[in-house]
Amino acid sequence: MAGLLVAGTSSDAGKSLIVAGLCRAWARQGVRVAPFKAQNMSNNSMVCPDGAEIGRAQYLQALAAGVEPSALLNPVLLKPATDRRAFVVLRGQPGGRLEAGEYTGGRVHLAAAAFEAFEELEAGYDLVVAEGAGSPAEINLRTGDYVNFGLARRFGLPVLLVGDIDRGGVLASIFGHWAIVDDADRATLAGYLINKFRGDQGVLDPGLAELTARTGLRCFGVMPWLDQVWLDSEDALAFAKWPRLPGRAGTLRVAAVRFPRISNATDLDALAAEPGLDVFATAAPTDIDNADLVVLPGSRSTLADLDWLRRLGLADALAARAAAGRPILGICGGYQMLAEIIDDPVESVRGTEAGLGLLPARVRFSAEKVLGRPSGSWHGQPVVGYEIHHGVVEATGGEPFLDGVRAGNTWGTIWHGAFENDAFRRAWLTELAEVVGSAWRPAEGAPGFAERRTQMLDDLADALTEHVDLPALRELAAG
């Protein structure tokens, strides 16, 4: 068995995509490779074919590696509900709550589950590429760690440190990681990789040489900025980094509301990938007024994010928009907010409160989480999606829409992933364009969402093959 841990100097350093690219590159060489992340902290998740819930990034990495997504790849998923509380998903199913004070010492059973999953995974593959979480140099969290150095030392994994040069200060950050950790953790550090580089590498090389001389860590390569590789992020920091490419006549402006506890923001990716759509995140009422479509994405704290909508004046802007017949789309938590009544004795424990009242529906939160992969149709177009929710919505009127409801030009669906269905997405957007008087129509010959994702993974693997010493990394992983 061989293994490697890809850690990052920070969140959103690019380690998720680096792992996906490594899996893709080695899988193309015939290596039986699997991704792994012992613990994820993210509200972007996916339902596997077996009904297990895992981080969205690990689902993408499984696609890159050509393996069946399962809870083995991400045995512990923490879904933040407040600044001091997270809901636990353990081996793909609800596993209670974790309070802030329990983070360092209250995770013994989670570590045991993660280590057991890694052992099961390594028994079936030639190579396991594990992804760390956040930064491994957060020494205040070192006690009880089982996703960074704790995992590396338990299974003898060499650590590749990924640094994001676009943030600035990458040389100092890598040196600081090497310097601040203890000797035993430092011994697992094998080298580093510079990510998101733009410019003349000749200017950077002297700094890399000095960094290697001071630390003894090898530079395995410098990855260029890949502005067309951006799908399926798990990190809140990466939300709304869609490329805003020049549109053509009839561009549709899509405003995505940036909830504080946004969940499954990847639902917007399929819209952002569609030619002629300008998708952007906002918390401004003026953007609600000016967009052709406003999307309320999912939320891990429906009532708290609804309070936020009202405080910022967004609720009033949405009400005015609905009254004028201008399109609004709510997905999962966003759909729940559009309802008339929300009864939540589970998530917020606040009981019954008024929703926005823009859709004829009532919401009741249940202790049992719904996880599923539903299918259906809309105007003859087949649609498949996935469900992750405690809130059960009962429509009391309107027109059915993907296990949700439409009233006027306000739509709500409990399904995630519906807009990844190309024919449905384009048919729905064509109707939307007619409603708002836009000349937008689907671009002839434009690639579908799955095709775009596959191309991004191949582009990522190609860049790694060109700019990173993959044979040396493979040798390192082999011990």
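Reader: Why is the pair R28 and D462 called a salt bridge?

Author: In this predicted model, the closest N and O atoms of R28 and D462 are 2.8 Å apart. A salt bridge requires a side-chain nitrogen of Lys or Arg within 4 Å of a carboxyl oxygen of Asp or Glu, so R28 and D462 qualify. The pair links distant parts of the chain: R28 belongs to helix α1 (residues 15-28) and D462 to helix α14 (residues 449-467), 434 residues apart.

Reader: What makes R28 partly exposed?

Author: The relative accessible area of R28 is 43%. Buried means under 20% and exposed means over 50%, so R28 falls in between and is partly exposed. D462, at 40% relative accessibility, also counts as partly exposed.

Reader: What makes D185 and R142 a salt bridge, and which parts do they tie together?

Author: Their closest N and O atoms are 2.8 Å apart, and the cut-off is 4 Å, so the pair counts as a salt bridge. D185 lies in helix α6 (residues 183-186), while R142 lies in the loop between β9 (127-131) and α4 (149-155), so the pair ties together parts that are 43 residues apart in sequence.

Reader: How do you know whether D185 is buried or exposed?

Author: D185 has 2% relative accessibility. The limit for buried is under 20%, so D185 counts as buried.

Reader: Why do D469 and R218 count as a salt bridge?

Author: The N to O distance between their side chains is 2.6 Å, and 4 Å is the limit, so the pair meets the rule. D469 is in the loop between α14 and α15 (470-477), and R218 is in strand β12, so parts that are 251 residues apart in sequence are tied together. Both residues count as partly exposed, D469 at 28% relative accessibility and R218 at 38%. By the 4 Å rule, the count comes to 30 salt bridges.

Reader: How do you know how the span of helix α7 compares with the expected value?

Author: Helix α7 (residues 201-215) has 15 residues and reaches 20 Å from its first C-alpha to its last. At 1.5 Å a residue, 21 Å is expected, and the span is close to that.

Reader: What puts the buried residues of α7 on the same side?

Author: The buried residues in α7 are L204, L208, L211 and T215. They cover an arc of only 60° around the axis, which puts them on the same side of α7. What covers them includes α5 (170-180), β11 (189-197) and β12 (218-224). The face turned away from the buried side carries the exposed residues P206 and A213.

Reader: What makes D200 a cap of α7?

Author: A side-chain oxygen of D200 lies 2.9 Å from the backbone nitrogen of G202, and D200 caps the N-terminal end of α7. The limit for such a polar contact is 3.5 Å, so the pair is within it. After α7 comes G216, whose phi is positive, near 80°.

Reader: Why is the protein chain called as compact as a globular protein of its length?

Author: The chain has 15 helices and 27 strands. Its radius of gyration is 23 Å, close to the 23 Å that the globule rule gives for 479 residues, so the chain is as compact as a globular protein of that length. Of the 479 residues, 58% count as buried.

Definitions and conventions
Residues are numbered from 1 along each chain as its sequence is written. This is a predicted model: local features need pLDDT of at least 70, side-chain atom pairs count only at pLDDT 80 or more; totals for chains, interfaces and linings use all residues. Side-chain values use heavy atoms; hydrogens and water are left out. Helices (H or I, at least four residues) and strands (E, at least two) are DSSP runs, numbered from the N terminus. The expected span of a helix is 1.5 Å times one less than its number of residues. Buried means under 20% relative accessible area, exposed over 50%, partly exposed in between (1.4 Å probe, protein chains only). The arc is that of the directions from the helix axis to the C-beta atoms. Contact means heavy atoms within 4.5 Å. A polar contact is a pair of N or O atoms within 3.5 Å; within protein, one must be able to donate a hydrogen and the other to accept it, and residues adjacent in sequence count only if both atoms are side-chain atoms. The radius of gyration is taken over C-alpha atoms; the globule rule is 2.2 Å times the number of residues to the power 0.38.
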